[in-house]
Amino acid sequence: MGLATQITPSDVRRTATLTVGLLMGVWVVDYVDRVMMAVALPFIGQEFTLTKTEQGWLITVFSLVYLLCQIPGGLLADRFGSRRLLVVSLALWSVFTALTGLAWGLAVLLVIRALFGVGQGLFPGASFKAMAERTTPERRATAAGAMLASNQLGAGLAPLVVAPLLLAVGWRHTFWVTAAAGVLVGLLLWALLPKPLPVELSEPVQVRQAPPLSSVLKAPAVWKFAALFCATNMLGYGMITWVPSYLLEVKGISLLKTGVFSAVPSLVMTVTTILGGYLFDRYFSGRARLYVIPLLLCTAALLGLMLMADSAEGFTLFQTLALAVAGLSTMGILGMPVRALPPAVIGSGMGVVNVGGQIAGVITPVLMGWLVDRFSYTAAFGLLIGTTVLGALIAVVVPQRAEQFTFKEVS
């Protein structure tokens, strides 16, 4: 306890605040880089004469490789430390973002986007580990909520930044500009990320003895949350990928208006995700189902109203309300594993959970693209109502308390 007693509460708050702020900055760049492809899809599709299904594959191939890197990324973070892996990840994805602007056809784009998935796939496990090592358990869901809210902040800022860039310099140069932003954020992270807190402050008392990695990877509770994250994350991937094209092609609004209309729901979801982390820590950490299930069912109902809207403004209004409610549920879905997993293995554990979320990223873009090609955008967005209700059903069986996360020794 000697080292921990030398650290004041203000030191703990300063460490947590700086860490979360830096990680939020990286996550914003992460999501700008991802969403940029969705905003640019109509232009890339026109230049290379791609069907909607082929355009969906440009998102899905990234998501597939990103998925496959989740557990290895978490293991590498637990083995070699978060700081180095964070910077390596940023460097790799910045390189492949820049190379996207040099592509000359679908096949090359698919290869580059796959390698881009490797760079970004190493990041989530390292970011959760960096956050867990620098926060206390009782405030970890709030910190994680703020960190993950930056996903939506990046998704909201991306159309506002990317749409004017696309019009001003074209889609190829736009990728080069955002690659430079990634390099800059990586240098700031390397220089400013604080040292981890002493283990006495960062480890949950009930799991002070960290379980072996093999038992974490086989824990049923962790995989239940992976299934829940898969079902609920389809909403985010579907909206990010296909709303810009829908607004341009079906509602006939301009690219700049598309950027604004696409940004508003994500920016609102940024606020509600942060609020949801606070509410979960404060009132619902031991009763996640009571928190998550009503929010998911409300989200599904609002998505139904979104589909019935006649105008682009009405569509965006109900999309915004749906994503706002979904944002409140985010840390109910992820807050329990974030609070319960020891920092020593949180990279691996959250890597497993994020595998579920990224299965959604693999399935959703291409499945919705196929539904648009074969049926309509209504059918494609209707899929998201079904998966959100499915998430509410899975939430019935997930653990609600930290002590339900049991890890058995593996012989």
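**Exercise 1. Describe how helix H5 and helix H6 pack.**

Solution. Step 1: locate the elements. Helix H5 covers residues 82–100 and helix H6 covers residues 106–121. Helices (H or I, at least four residues) and strands (E, at least two) are DSSP runs, numbered from the N terminus. Residues are numbered from 1 along each chain as its sequence is written. The model is predicted, so local features need pLDDT of at least 70 and side-chain atom pairs count only at pLDDT 80 or more, while totals for chains, interfaces and linings use all residues; side-chain values use heavy atoms, with hydrogens and water left out.

Step 1: Two packed helices are described by the angle between their axes and the distance between the axes. For H5 and H6 the axes come within 7 Å and cross at roughly 165°. Axes are lines fitted to C-alpha atoms, for helices over the stretch in contact, and angles run from 0 to 180 degrees between N-to-C directions.

Step 2: name the arrangement. Angles under 35 degrees count as roughly parallel, over 145 as roughly antiparallel, 65 to 115 as roughly perpendicular and the rest as oblique. H5 and H6 are therefore roughly antiparallel.

Step 3: The crossing of H5 and H6 is left-handed, a term used if the near helix is turned anticlockwise from the far one by less than a right angle, with right-handed used if clockwise.

Step 4: list the contact (heavy atoms within 4.5 Å). H5 contributes Ser89, Leu92, Trp93, Phe96, Thr97, Leu99 and Thr100, and H6 contributes Leu109, Ile112, Arg113, Leu115, Phe116, Gly119 and Gln120. Sorted by class, the contact of H5 with H6 has eight nonpolar, five polar and one charged residues. Here Ala, Val, Leu, Ile, Met, Phe, Trp, Tyr, Cys and Pro count as nonpolar, Asp, Glu, Lys and Arg as charged, and the others, Gly among them, as polar.

**Exercise 2. Classify the ring pairs Phe62–Tyr66 and Tyr246–Tyr377.**

Solution. Step 1: state the rule. Rings of Phe, Tyr and Trp (its six-membered ring) pair if their centres lie within 6.5 Å; planes under 30 degrees apart count as stacked, over 60 as edge-to-face and the rest as tilted. This rule gives twelve aromatic pairs.

Step 1: for Phe62 and Tyr66, the ring centres are 5.2 Å apart and the planes stand at 35°, so the pair is tilted. Phe62 and Tyr66 are four residues apart in helix H3 (residues 52–68), so about one helical turn separates them. Phe62 is buried at 4% relative accessible area, and Tyr66 is buried at 0% relative accessibility.

Step 2: for Tyr246 and Tyr377, the centres are 5.2 Å apart and the planes are at 70°, so this pair is edge-to-face. Tyr246 lies in H11 and Tyr377 in H16, so the pair ties together parts that are 131 residues apart in sequence. Both Tyr246 and Tyr377 are buried. Tyr246, Phe315, Tyr377 and Phe381 form one aromatic cluster.

**Exercise 3. Is Ile333 buried or exposed, and which residues does Ile333 touch?**

Solution. Step 1: Ile333 is found in helix H14 (residues 312–340). With 3% relative accessibility, Ile333 counts as buried.

Step 1: not counting residues up to four places away in sequence, Ile333 touches Phe225, Leu228, Phe229, Thr232 and Val292. Ile333 and Leu228 are 105 residues apart in sequence, and 7.2 Å apart in space, C-alpha to C-alpha.

Conventions. Buried means under 20% relative accessible area, exposed over 50%, partly exposed in between (1.4 Å probe, protein chains only).
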